[in-house]
Amino acid sequence: MAIIAAGWIAVLLLGGGIALDRTLTNLVERNFDDQLEYVLTALIASAEIGPEGEVFLYSQLGDQRFFEPNSGVYWQISGKGQETFPSRSLWDRTLKVQGDHFDSEPHFYASGQFPTEPLRMVERTVILPGSETRWTFAVASATEELEAQNSRIRSILVWSFAVLGLGLFLMTLLQIRYGLSPLRRVRAAIQNLRTTGANRITEPLPTEVEPLVEEINSLLAHTEQQAEEARMHAGNLAHALKTPLTVLTNAATARAPDLGNAVIRETRTMQRHVDHHLARARAVGRRAVGHARARVFQSAEAVRRAVERLYPDSRIDIAGNRLVEVMIERQDLDEILGNLIENAAKYGGGTVFVTVDADDTSEQCVIWVEDDGTGIPEGDRERIFDRGARLDTGKPGTGLGLAIVRDVAEIYGGSVELDESEDLGGLLVKLSLPRVA
């Protein structure tokens, strides 16, 4: 910010200084020319024609410099075929005028006819009463004084603008320091979080940084929620593994004759718990990344191809909105739909129908998965979501499918409901997931 401000200050002051320098020097030069023109007008007004046709002045000009030799201020009257009438200040020199044309108006120009004395000249052609000669009246002045005035102006401008630029830059630094002071207070508040163990920024801060503080507090709350969820899942997993481990320890200590069966049974139980909590942990971790989105129809098509290879006798139809997207990671969506469609193919009669975005007017994208099996009795529909719960033990499985579906859907703000399919007569699973706006 300081470098950008310094650059802009330098550019603007440089441009303004050049413009002001040109304006002031033009004013000085114009004033210089006005003085020359004033002398020229007075010279013409004082000129008369003598009896021999010569020109003379009936009144002398008031500036004493015209009477001092080489004073730097000169005048001269010249005409074709007539003797030149110069000022005393020219002494033995003569002004070279551009008298080969008729200047009815004052003509200003710079002259270098005197090598050590640059001149600014003005001349005008006049026909005086009583004479037919074209008289050229010329007034010249050395530009030393003009250059000195311009140099003084430039010196004043340079020092003034340098001081102004330095002052503006110092004010910019103070403004930056004062303007960014709330961020330093936020940094101090964040350091206070680490040193004191506080979980929120409660210090009153300026309104400019309140949105930042709110976002930091929201991030802290989100992180705290994730940590609490992690602790809860770790505790739940430890509690779930405690009972099988106790059974195995007791069976091994007592050298029970069915130790082998007990190990197989309890390790399956522990495997179910581990798989369930790993699925939840993966979903929570991917949710924390943010900006998750997945297209439902593509995920359903991929799951159908995989399930049809496992159950080639099943027929799986998918219909609905092909473009709808939901706020969930593609891996988690594949896992949810994989469990639902695989269960429908495994426990149904061979026909599975998936409808994507069944209700496209709500904020939730509704996905229906129906089969033509025997369905689930209404009294068992809530119990079936428990970890390890299975109504048909004659087919392989862990009893974790619907439990994982519900937990992962709820992590992303969705829900799962069970009902009876009116069209196929089997189970209807109604999956709701937040829609991408």
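**Note on the predicted structure**

1. Leu180 has a relative accessibility of 31% and therefore counts as partly exposed, since that class lies between the limits of 20% and 50%. The model under discussion is a predicted one. Leu180 sits in the loop that links helix 2 (144-179) to helix 3 (181-196).

2. The protein has 437 residues, of which 38% count as buried. Its secondary structure consists of eight helices and 14 strands. The protein exposes about 25700 Å², and 55% of this comes from carbon and sulfur atoms. Among contacts with a separation of 6 or more, 59% are between residues 24 or more positions apart.

3. Strands of a sheet pair through backbone hydrogen bonds, in either a parallel or an antiparallel manner. Here, five strands make up an open sheet in the order 4-3-7-6-5, with antiparallel pairing. Strand 4 (85-86) and strand 5 (107-111) are its edge strands, each pairing on one side only.

4. Within this sheet, strand 3 (residues 73-79) and strand 7 (residues 135-142) run antiparallel and are joined by seven bridges. Ile77 is placed opposite Phe137, a residue of strand 7. Helix 1 (residues 2-46) packs on the sheet and touches strand 3, strand 5, strand 6 (119-126) and strand 7. The direction of helix 1 makes about 145° with that of strand 7.

5. The salt bridges form the next topic. Side chains of opposite charge can pair when their charged atoms come close. The structure holds eleven salt bridges. One of them pairs Arg154 with Asp21, with the closest N and O atoms 3.3 Å apart. Because Arg154 belongs to helix 2 and Asp21 to helix 1, this pair ties together parts that are 133 residues apart in sequence. Arg154 is partly exposed, at a relative accessible area of 36%, whereas Asp21, at 12% relative accessibility, counts as buried.

6. A further salt bridge is formed between Arg65 and Asp63, where the closest N and O atoms are 2.9 Å apart. How exposed are the two partners? Arg65 has a relative accessible area of 37% and is partly exposed. Asp63 is also partly exposed, its relative accessible area being 27%.

7. Glu117 and Arg93 likewise meet through their side chains in a salt bridge, at 3.7 Å from N to O. Glu117 lies in the loop between strand 5 and strand 6, and Arg93 in the loop between strand 4 and strand 5, so the pair ties together parts that are 24 residues apart in sequence. Is Glu117 buried or exposed? At 15% relative accessibility, Glu117 counts as buried, because the limit for that class is under 20%.

Key. Residues numbered from 1 in each chain as written. Predicted model: local features only at pLDDT ≥ 70, side-chain atom pairs only at ≥ 80, totals over all residues. Heavy atoms only, no water. Pairing = 2+ DSSP bridges. Helix = DSSP H or I, 4+ residues; strand = E, 2+ residues; numbered from the N terminus. Contact = heavy atoms within 4.5 Å. Axes fitted to C-alpha atoms, helices over the stretch in contact; angles between N-to-C directions. Buried < 20%, exposed > 50% of the residue type's maximum accessible area, 1.4 Å probe, protein only. Areas by Shrake-Rupley, 256 points an atom, 1.4 Å probe, with all protein chains shown as cover. Salt bridge = Lys/Arg side-chain N within 4 Å of Asp/Glu carboxyl O.
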